[in-house]
Amino acid sequence: MKVEYLTKYPKSILNKGNGYLSHYTHSLNPYTGCVFACSYCYVRRMPVSLFRDGEWGKWVDIKKNAEELFRKEYKRAKAKGPVSIFMSSSTDPYQPIESKEKITRSLLEIMSEDPPDFLFVQTRSPLVTRDIDLFSNLRNIRVSVTIETDKEEMKEAFTPKAPSISSRLKALKVLTEAQIPTQAAIAPVLPSSESFGELLAEVTSRVCLDDYFMGDGSNGKRTKSLKIPSMYENLDIEEWYSPDAYKKVHENLLHSFTEGQILISKQGFAP
């Protein structure tokens, strides 16, 4: 798949935390667009995608002035009070182009000099392990790696362009062993096996469960507009497209995690 990479110079990079991220003072997105192009990604239904030429997943904006802009805005934000940052709310900060551009790393370098009160990093890319040295310099941080299922056929059906499940599990284990606070984000919940919890318990001590109905920002309406229900029908897994489906996984996880290690939706992504 050919991806169009465009150089952009945005006027701002730190956005005020609101809605689902209201627990944070700011959200931070090193890129606009995401090549992982997950079928259920709610960003597809947001203005950043709707009012843009080109299919979601086939273009990425590289914020070339990100470091300079962030240094200025971050300093200003810290002067006003506590700063908590969610990175990233509408892109993956470790999608493949990051290995070349290193924009995410440049932002982390600034934060390592003067840490925020809390930093939450959300990704599904094993590239995240590259920055363990910088994560170690931050006082309060959590790195959340999305692992929606342990079934490769489900991963291929819903997120064929995303990194493999095995590579994400390995990355999570490396982060945890480096004593970086981590979690596995089963978000959204996809069909999984009975050994899923056991598998996750080997690589992290915390799990967050989320689904389309709690986590897409509009009670599942955005997801419905993406025709995700029809994908479940075609795969003959309709019972998994339900507000109660996550409870099956929650019950399974209790064999490997304590109740306190399993967080639900917004709670799991909060500082």
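Tyr 74 is buried, at 3% relative accessibility, where buried means under 20% relative accessible area, exposed over 50%, and partly exposed in between (1.4 Å probe, protein chains only). The model is a predicted one, in which local features need pLDDT of at least 70 and side-chain atom pairs count only at pLDDT 80 or more, while totals for chains, interfaces and linings use all residues. Residues are numbered from 1 along each chain as its sequence is written, and side-chain values use heavy atoms, with hydrogens and water left out.

A pair of aromatic rings is described by the distance of the centres and the angle of the planes. Rings of Phe, Tyr and Trp (its six-membered ring) pair if their centres lie within 6.5 Å; planes under 30 degrees apart count as stacked, over 60 as edge-to-face and the rest as tilted. Across the whole structure, 13 aromatic pairs are found. One of them joins Phe 70 and Tyr 74, which are stacked with 4.9 Å centre to centre and 15° between the planes. The two residues are 4 residues apart in helix H2 (residues 66-80) and are therefore separated by about one helical turn. Helices (H or I, at least four residues) and strands (E, at least two) are DSSP runs, numbered from the N terminus. Phe 70 is buried, with a relative accessible area of 0%.

The rings of Phe 86 and Phe 120 also form a stacked pair, because their centres are 5.1 Å apart and their planes meet at 10°. Phe 86 belongs to strand S6 (residues 84-87) and Phe 120 to strand S7 (residues 118-123), so this pair ties together parts that are 34 residues apart in sequence. Both Phe 86 and Phe 120 are buried. Elsewhere, one aromatic cluster is formed by Tyr 40, Phe 158, Tyr 212, Phe 213, Tyr 232 and Tyr 241. Trp 240 has Lys 248 over its face, at 4.6 Å from the ring centre; a charge sits over a ring if NZ of Lys or CZ of Arg is within 6 Å of the ring centre and within 35 degrees of the ring normal.

Helix H2 also holds Lys 72, which counts as partly exposed at 48% relative accessibility. In the loop between H2 and S6 lies Pro 82, an exposed residue with a relative accessible area of 63%. Not counting residues up to four places away in sequence, Pro 82 touches Thr 25 and Asp 117, contact meaning heavy atoms within 4.5 Å. From Pro 82 to Asp 117 the C-alpha distance is 6.0 Å, although they are 35 residues apart in sequence.

A cis peptide bond, with omega of about 15°, joins Met 87 and Ser 88, and Ser 88 is located in the loop between S6 and helix H3 (98-101). Another cis peptide bond runs from Ala 187 to Pro 188, with omega near -5°; Pro 188 is in the loop between strand S9 (182-186) and helix H8 (196-201). Asp 236 is a residue other than glycine with a positive phi, near 60°. Asp 236 lies in the loop between helix H11 (228-234) and helix H12 (245-253) and is exposed, with a relative accessible area of 58%. Ser 265, likewise not a glycine, has a positive phi of about 50°. Ser 265 is in the loop between strand S11 (262-264) and helix H13 (266-269) and counts as buried, at 6% relative accessibility.

As for the cysteines, a disulfide is a pair of cysteine sulfur atoms within 2.5 Å, and the count comes to 0 disulfides. Cys 38 is in no disulfide, and the nearest cysteine sulfur, in Cys 41, is 6.4 Å away. Cys 38 is buried at a relative accessible area of 6%, and Cys 41 is buried at 18%.

Taken as a whole, the protein chain has 13 helices and 11 strands. Buried residues account for 56% of its 271 residues. Of the contacts with a separation of 6 or more, 73% are between residues 24 or more positions apart. The C-alpha atoms fill a box of roughly 50 × 40 × 30 Å along the principal axes.
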